[in-house]
Amino acid sequence: MSLVLLGLPGVGKTTIGAAVARRLGWPFVDFDVEIERRAGMTISELFSRFGEAHFRELESGLTDEFVGRVGTVLAPGGGWAVQPGLMDRLRPTAKFVYLRASPAVVAARMGAGQASRPLLDGLEPVAALDRLLLARSHAYARADAVVDTELLDREQVIRTVAALAPAGVGGIG
């Protein structure tokens with residue numbers, strides 16, 4: 001079983017995912033970081049040069065690399081879950097964890113960092129995040145577990161997510 005973290009941009013998928021992976025002794029893969037590494041450019045540059053559809057194709061291809069893999073913590077981008085079939089590809093060997101926080105809290109946490117997020121750049125962040133949440137809530141509702149990051153501090157979130165991993169699963173690839 002692997003853990004796949006879902007949620008809005010800026011909710012903490014990377015921070016929580018990396019900490020959970022360290023705690024479990026599993027590999028951690030942040031999809032955006034991996035796509036940037038492979039493409040040799042930022043997500044913003046990818047969106048600008050090739051468009052969102054191309055970025056979603058790269059996400060889909062990366063997803064295929066994790067089909068059947070166990071003992072890995074994955075943090076795909078916020079919109080990954082709404083792409084047709086991606087969750088289903090991983091579901092047999094993955095547990096999906098929705099890291100929930102309100103758009104207002106996420107916007108406050110991101111601060112100036114929202115400029116590096118192509119779907120938020122130049123927009124009023126809370127309104128943009130509200131729209132994203134509305135469009136994605138049906139996908140996030142398919143998660144196996146929900147962890148409210150507003151009610152728990154970071155260590156509690158890490159502990160809660162790590163506890164969702166099955167005992168005895170090692171980080172194999």
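**Salt bridges in our model**

Hi everyone! Let's start with Arg-159, which counts as partly exposed at 46% relative accessibility; partly exposed sits between buried, under 20% relative accessible area, and exposed, over 50%, using a 1.4 Å probe and protein chains only. A quick note on the source: this is a predicted model, where local features need pLDDT of at least 70, side-chain atom pairs count only at pLDDT 80 or more, and totals for chains, interfaces and linings use all residues. Residues are numbered from 1 along each chain as its sequence is written, and side-chain values use heavy atoms, with hydrogens and water left out.

So who is the partner of Arg-159? Arg-159 forms a salt bridge with Glu-155, with the closest N and O atoms 3.6 Å apart. A salt bridge here is a side-chain nitrogen of Lys or Arg within 4 Å of a carboxyl oxygen of Asp or Glu. Both residues lie in helix 8 (residues 154-163), four residues apart, about one turn of the helix. Helices (H or I, at least four residues) and strands (E, at least two) are DSSP runs, numbered from the N terminus. Glu-155 is partly exposed too, at 33%.

Next, helix 4 (residues 52-64) holds Arg-56 and Glu-59, three residues apart. Their closest N and O atoms are 2.8 Å apart in a salt bridge, and both residues are buried.

Now look at Asp-144 and Arg-91, a salt bridge at 3.0 Å. Asp-144 is in the loop between helix 7 (125-140) and strand 5 (145-148), and Arg-91 in the loop between helix 5 (86-90) and strand 4 (94-100), so the pair ties together parts 53 residues apart in sequence.

How many salt bridges are found in the whole structure? The search finds eleven. Thanks, everyone!
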